[in-house]
Amino acid sequence: MRRMRSGQPKTSRAEEVAQLLRAVSLASQRYAELVRNRLGLNRRDLDAMGVISARADGQDPISPGELAQTLRLSAPAVSIVLDRLEAVGHVERRRHPLDRRRVELGLTDTAMTAARRTFTPLQESIATALQPFSTQELETAISVLRAALGAFAQATTELDAQPAGRGQPPDIGSAP
């Protein structure tokens with residue numbers, strides 16, 4: 001690491017990007033916590049609603065089994081989450097129109113209204129913050145974020161492959 005004249009260490013641009021990604025992650029978690037509190041939801045409930053919403057945008061609706069796999073929860077745990085969300089009017093379970101054995105999940109109009117009310121201000125704030133940047137700069141940012149997401153996915157897969165040890169830190173980054 002290079003040092004500036006004042007004796008302060010100068011971080012590399014990659015380190016700065018990593019620090020900013022951590023800051024964005026923390027800010028996102030704080031915002032999500034406020035949303036959960038406003039909507040009276042817990043973290044898993046909001047996570048489930050986010051996954052269901054994302055799949056509804058241009059893809060086939062998600063099934064309870066796929067939701068369980070995505071959230072890394074057991075089928076009974078997802079059923080409890082869905083029961084809670086259904087009871088407060090945020091999620092509905094529907095039979096597939098062609099295969100009546102298949103159940104599809106969807107957000108209700110109430111949930112969509114609540115999501116718009118809580119997330120639209122954030123989206124507008126981000127859009128305003130990004131207005132000064134050129135298309136080329138935004139394309140570069142998109143590439144950086146995609147690379148970071150790939151790194152997260154790889155690190156998650158590697159950590160998940162390690163045996164879990166209670167009270168023991170994971171063996172990250174050591175040679176095999």
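**Entry 1: the pocket**

I began with the largest pocket and asked which helix gives the most to its lining: helix 1 does, with 15 residues. A reminder to myself that this is a predicted model. Helix 1 spans residues 13–39, and helix 2, helix 5 (109–130) and helix 6 (135–161) join it in each supplying at least two residues of that lining.

Next I looked up the volume, which comes to about 1,900 Å³ for this largest pocket. I found 44 residues lining the pocket, and those nearest its centre are V24, S25, S28, L122 and I126. Sorting the lining by class gave me 28 nonpolar residues, eight polar and eight charged.

**Entry 2: helix 2 against helix 4**

I took helix 2 as residues 43–56 and helix 4 as residues 75–87; their axes lie 10 Å apart, at an angle of about 85°. Angles of 65 to 115 degrees count as roughly perpendicular, so I noted helix 2 as roughly perpendicular to helix 4.

Then I listed who meets whom. From helix 2 come R44, D45, A48, M49 and I52, and from helix 4 come V81, L82, R84 and L85. I count this contact by class as six nonpolar and three charged residues, with no polar ones.

**Entry 3: a salt bridge in that contact**

How many salt bridges does the structure hold? I get nine. One of them pairs R84 with D45, with 2.8 Å between the closest N and O atoms. I was pleased to see that this pair links distant parts of the chain, as R84 in helix 4 and D45 in helix 2 are 39 residues apart.

Terms used
Residues are numbered from 1 along each chain as its sequence is written. This is a predicted model: local features need pLDDT of at least 70, side-chain atom pairs count only at pLDDT 80 or more; totals for chains, interfaces and linings use all residues. Side-chain values use heavy atoms; hydrogens and water are left out. Axes are lines fitted to C-alpha atoms, for helices over the stretch in contact, and angles run from 0 to 180 degrees between N-to-C directions. Helices (H or I, at least four residues) and strands (E, at least two) are DSSP runs, numbered from the N terminus. Angles under 35 degrees count as roughly parallel, over 145 as roughly antiparallel, 65 to 115 as roughly perpendicular and the rest as oblique. Contact means heavy atoms within 4.5 Å. Ala, Val, Leu, Ile, Met, Phe, Trp, Tyr, Cys and Pro count as nonpolar, Asp, Glu, Lys and Arg as charged, and the others, Gly among them, as polar. On a 1 Å grid over the protein atoms alone, a cavity is a set of points where a 1.4 Å probe fits but cannot get out, and a pocket is an open set with protein on both sides within 12 Å along at least five of seven lines; lining residues have an atom within 4 Å of a point. Grid points are joined across faces, edges and corners, and a volume is the space filled by probe spheres set on the points. A salt bridge is a side-chain nitrogen of Lys or Arg within 4 Å of a carboxyl oxygen of Asp or Glu.
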